[in-house]
Amino acid sequence: MRFVAGRLAALVPVLALVLAIVFLLVRAIPGDPAVVLLGPGATQAQIAALRDQLRLDLPAPLQFLEYVAALARGDLGTSLKTGEPVLREILLRLPATIELTVLATIAAVLVGIPLGVVCATRANGPLDHMLRLVSLVGVSVPAFLLALVLQLVFASWLGWLPVSGRTSALALDPPITGFAVFDALLRGDGAAARGALAHLVLPCAVLAAFLAATLGRYVRNSMLETLGEDFVRTARAKGMARVRVVYVHALRNALLPAVTVIGLKSAEMLGGAILTETIFAWPGIGRYMFEAIRNRDFPVIQGTTLVFALIYVTTSLVVDLIHGALDPRVRKRLR
Amino acid sequence: MAEIAAFLRTNRLAAFGLALLAAILVCVIAGPLVYEVSPTRLNILKRLAPPGPDFWLGTDALGRDVLARVLHGGRVTLVVGCGVVALAFVTGATIGMISGFAGGWIDVVVMRLADAMLSFPSLVLAIALAAAFGPSLENAMLAVAITLMPQFARVARAQAVSVSARPYVEAAVTLGLTRRRILLRYVFANGVGPLFVQATLALGAAILQTASLGFLGLGAQPPAAEWGADVSINLDFVRSAPWVALAPGAGILLAVMAFNLIGDGLAEWLDPRRRPAQ
């Protein structure tokens, strides 16, 4: 309990500073933000109205307090483009982003961990070099380039998968959970579920590639360190089979820190989601943020940035707690 | 030097990374001098021409030579990557060193601020900052440098705390040297080493993030050639003329790969635990 309380207490100043950074985004706009956001054709009345909406006439500390008070009421502001509350728009799009990132995380774990183990057990051999090169391409390739290549090959040339979009069936029916595959299954519509899954494959692959490659590289290094530890040498000296030493003793210890990598990198994936959702016309909050950037819709940019940060902070906290629960040394160090 | 050569002989991937970087540098530095075609010259009659003897990598939708744009765009992308890391290195290292050396409330405030900045997915923060500063290459560089800065500050702070506890720093304090002199001459000089490894590792990320901002329209503005922006402006033609986007995209991939290979090699060289068990 002391460990959990300590982690939560450490979060308070960080969250306050996160709010301050998001608040300062609009103030970072050079010149008068209202004039810049409305563009050259704006009238004085429009500028005055926006200054009033953004509370720009108040002293900065008061503006910040008003911003925090509004957040506490669940008010993330109103979109300058559509006039809709930002929170409602984000909540509408959140399931699409969660669906994409969670599936991508699962796919990355299923590929990344075996990749790392195979590389470590054959360290510096030809297979290790080849797989390391593949994982290196995975961490080095820009998400937008991988997306283009996959779209070209699997959608345009082979015609196996849809180029973009989420699903056509969902547009006709009101969402139940907001998760396209679940909704189709709940309606008993197998064809719609298959369609939703087919739409997920390419964006999922793009998002998963970076995490799978990062995880593979991390598990390889972690395994190499663990295989050099005394307890592994002792187990081998006692005559234990190499397979058992590697896959039971070493892997279990090497995977413990991988929990942190999986958690943090899957949250980091949200940055990649902006690019992926934009290219695949995926109706999540990443694409919503991109559209807001094009329209210079700052309440939306602030709202989506804050939501991304809150997801990231929450994931870090959960990862710390899981890591602490699994490893008593971490509890002691972080207490 | 002999030690480096011996390491490169055993770590083929790091050697490959160095060779790849050398090849890229030769192409983008010497390339435009040999291949004297303007990257911004329009030739509407030859738009979307496929790769061939006239245009080695084809032309884009405005008839501009793709090879010329890749060579000139590479210069921009690499200079931007190095500039971003240099900016993040200098500011992050300075802030981190002062924070670790001074301790007390300065250290607490600086580290909480670094924690807060690291609480954003880095690309999200870079995008939000670049959107606030306004779309331009300089603003994109500044945005990415700000997001990378806390990483340098954290490493520098850890180094400063570690070096400050060494006997020679205590001796310098006893001798009555000014804090500024101790910080610059002893703490910074002895703690800066690991920051160079961090810088090498950050170069790939810096290029990738700046290219991503360029792709979103927040980086270099037309008609300037830059790899990320060149992928973005050619998206609509990618199905009929894939070379227009794939060529600059491949440039980003190869450059980031080269820096990642070198960074990995450096990290492995400095950390014996990461070398394979005998």
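A polar contact is a pair of N or O atoms within 3.5 Å; within protein, one of the two must be able to donate a hydrogen and the other to accept it, and residues adjacent in sequence count only if both atoms are side-chain atoms. By that rule, six residue pairs are in polar contact between chain B and chain A, with both residues at pLDDT 80 or more. The structure is a predicted model, in which local features need pLDDT of at least 70, side-chain atom pairs count only at pLDDT 80 or more, and totals for chains, interfaces and linings use all residues. Residues are numbered from 1 along each chain as its sequence is written, chains are lettered from A and ligands numbered from 1 in the order in which they are written, and side-chain values use heavy atoms, with hydrogens and water left out.

Now for the rest of the meeting between the two chains. The size of an interface is often given as the accessible area lost when the parts come together. Here, buried area is the accessible area (1.4 Å probe) that two parts lose on being put together, summed over both. For chain B and chain A that area is about 4,500 Å², and carbon and sulfur atoms give 76% of it. On the chain B side, B:Leu13, B:Phe120 and B:Arg239 supply 13% of the area that this chain buries against chain A, more than any other three residues. Counting contacts (heavy atoms within 4.5 Å), 52 residues of chain B touch 56 residues of chain A.

There is also one salt bridge between chain B and chain A, a salt bridge being a side-chain nitrogen of Lys or Arg within 4 Å of a carboxyl oxygen of Asp or Glu. The partners are A:Arg217 and B:Asp264, whose side chains meet at 2.9 Å, N to O. Several helices of chain B give two or more residues to the side that touches chain A, among them α2 (12-34), α4 (104-117) and α11 (243-270). The top contributor is α11(B), with twelve residues. Sorted by type, the residues on this side of chain B come to 37 nonpolar, seven polar and eight charged. In this sorting Ala, Val, Leu, Ile, Met, Phe, Trp, Tyr, Cys and Pro count as nonpolar, Asp, Glu, Lys and Arg as charged, and the others, Gly among them, as polar.

Chain B itself has eleven helices and zero strands. Helices (H or I, at least four residues) and strands (E, at least two) are DSSP runs, numbered from the N terminus. The C-alpha trace of chain B spans about 75 × 50 × 35 Å along its principal axes. Of its 278 residues, 54% count as buried, where buried means under 20% relative accessible area, exposed over 50%, and partly exposed in between (1.4 Å probe, protein chains only). Among contacts in chain B with a separation of 6 or more, 70% join residues 24 or more positions apart. B:Gln209 makes a handy example from helix α9 of chain B. B:Gln209 is buried, at a relative accessible area of 9%, and, leaving aside neighbours within four places in sequence, is in contact with B:Ser122, B:Leu123, B:Ala126, B:Val144 and B:Thr147.

Over in chain A, there are two domains, domain 1 (2-72) and domain 2 (87-334), with bounds from an automatic or database domain assignment. Their C-alpha centres lie 32 Å apart, and the contact takes 19 residues from domain 1 and 16 residues from domain 2. Together the domains of chain A bury about 1,600 Å², 80% of it on carbon and sulfur atoms. A:Phe3, A:Arg7 and A:Leu37 supply 37% of the area that domain 1 buries against domain 2, more than any other three residues. Zero salt bridges are found across this domain interface, and one residue pair is in polar contact. Helices α1 (2-27), α2 (33-38) and α4 (60-72) of chain A each give two or more residues to the domain 1 side. Of these, α1(A) gives the most, with 13 residues. The domain 1 side divides into 17 nonpolar residues, no polar ones and two charged.

A:Val109 sits in helix α5 (residues 86-121) and is partly exposed, at 23% relative accessible area. Not counting residues up to four places away in sequence, A:Val109 touches A:Pro114, A:Leu215 and A:Ile262. A:Trp157, in helix α7 (residues 143-157), is exposed, with a relative accessible area of 55%.
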